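Let's walk through this structure together, one local feature at a time. Keep the 3D view open and turn to each residue as it comes up.

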Amino acid sequence: MPDASPTKWHLAHTSWFFESLVLVPWVPDYRRFRPGFDYLFNSYYEQLGPRQPRPQRGLLSRPAQAEVLAYRDHVDQAMARLLQATAASGAVGELQRMVTLGIHHEQQHQELMLTDILHAFAANPLRPAYRPLASPAATMALAAGPLAPAAAAPGAAPVRWLRQPGGIRAIGHEGAGFAFDNEGPRHEVLLQPYRIADRLVSCADYLAFIADGGYRRPALWHADGWALARQHDWQAPLYWLPPGAVVLERAEPLEQWHGFGLHGLQPLDPAAPVMHLSWYEAAAFAEWAGARLPTEFEWEAATQDPGLQQVTGSAWQWTRSSYDPYPGFLPFAGPAAEYNGKFMVGQLVLRGGSLATPAGHTRPSYRNFFPPGARWQFAGLRLARDESHE
Ligand SMILES: [Fe+2]
């Protein structure tokens, strides 16, 4: 899978980030752990040199895991020394900003590790569970950890359409806390009055779309999406299996719809948010439902409404908005300028946060982004409507 990376690579890359963007610039006598790692674990930073192509990261059978963990130790120890020396000297500022960026970067990769593990396990005919539901330890960890199910998912309840007045609204990050460069500058946008669904589209909602021929009706689809759906024979979200599907280790075909997730192959929970949709599928569903996707600005403004449910912790939510710079966008300084800005073409914005997002990582102003055909993210949707269509 050309877009996914092995866990071992994520572990090494997040340490490489601290090494190349913090230790090398700030520690004159820093000794790199091993020649070649800079090539292996650079992701996409042109300013920092050539790199292993992403589609071939899965071929890196060496270094083995033990050496990757030793690399992480090496970097961690050098970081600890740098931070102690810096704290003693009282010099912070730009160094503090880069370390903070490295921590948030690592949090992003924590989610990507789960995303990519799920894809790899789904490609394994034995369909191993990342965290089986049966084990008591897993149940305890679930109650507290980042994979805890969203409390009382209200997916089964009828949608409530929250009326939003629109008008001139301030969008983007404000305040002293951390934000990525793509979340600013804060600026004003003009919104027409609209309505937004209080909850995410559920698996039951999406099954109705499938049953109504959603994947067979080109009128519901954008041209690019229809072509992609036909090319890959999409019939359901990624990781869904229909009744009658035959799977290894089960004597009988499945009797009902199943979904493959971090807990393995499970019967679909009709109340749970649908996930693992491309933007094209989300848009086709919205068309079928007589609605549309919200813009990222409508989404962000609606987070002020206390009636809005499942803002984060369930699924990333595709929006109608292209991933563009805000007016006055100023990239991070140095090599980190490549973090976000250079991807601002051909991608769509997702808002919110998923069950795999580390707690506290996202904000109402947070902008995730993927190409419209990407399906392996924990991505679903929330509907919106124009007020004039009511
Ligand atoms: Fe990265």
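Glu 249 is exposed, with a relative accessible area of 72%. In this predicted model, you will find Glu 249 in the loop between E5 and strand E6 (258–261). Its backbone deserves a look too: the phi of Glu 249 is near 70°, a positive value in a residue other than glycine.

Although Asp 233 is not a glycine, its phi is positive, at about 55°. This residue sits in the loop between helix H7 (223–232) and strand E5 (240–241). Is Asp 233 buried, exposed or partly exposed? With a relative accessibility of 49%, Asp 233 counts as partly exposed, because the exposed class begins over 50%.

While you are looking at the backbone, turn to the prolines. The peptide bond that runs from Arg 62 to Pro 63 is cis, its omega being near 0°. Pro 63 belongs to the loop between helix H2 (37–41) and helix H3 (65–89). A cis peptide bond also leads from Gly 184 to Pro 185, again with omega near 0°. Here the setting is a loop between strands: Pro 185 lies between strand E2 (167–171) and strand E3 (187–191).

Now to the aromatic rings. A pair of aromatic rings is described by how far apart the centres are and by the angle of the planes. How many aromatic pairs does the model hold when centres must lie within 6.5 Å? The count comes to 31 aromatic pairs. One of them joins Phe 209 and Phe 285, an edge-to-face pair with 5.6 Å from centre to centre and 65° between the planes. Phe 209 lies in helix H6 (residues 203–211) and Phe 285 in helix H8 (residues 279–288), so this pair ties together parts that are 76 residues apart in sequence. Both Phe 209 and Phe 285 are buried.

Phe 370 and Trp 376 form an aromatic pair as well, edge-to-face with 5.6 Å between the centres and 80° between the planes. Phe 370 has a relative accessible area of 15% and Trp 376 one of 6%; each counts as buried because that class covers values under 20%.

Finally, look for arginines placed over tryptophan rings. Arg 57 lies over the face of Trp 9, at 3.6 Å from the ring centre. Arg 230 takes up a place over the face of Trp 226, and here the distance to the ring centre is 4.5 Å.

Methods. Residues are numbered from 1 along each chain as its sequence is written. This is a predicted model: local features need pLDDT of at least 70, side-chain atom pairs count only at pLDDT 80 or more; totals for chains, interfaces and linings use all residues. Side-chain values use heavy atoms; hydrogens and water are left out. Rings of Phe, Tyr and Trp (its six-membered ring) pair if their centres lie within 6.5 Å; planes under 30 degrees apart count as stacked, over 60 as edge-to-face and the rest as tilted. Helices (H or I, at least four residues) and strands (E, at least two) are DSSP runs, numbered from the N terminus. Buried means under 20% relative accessible area, exposed over 50%, partly exposed in between (1.4 Å probe, protein chains only). A charge sits over a ring if NZ of Lys or CZ of Arg is within 6 Å of the ring centre and within 35 degrees of the ring normal.
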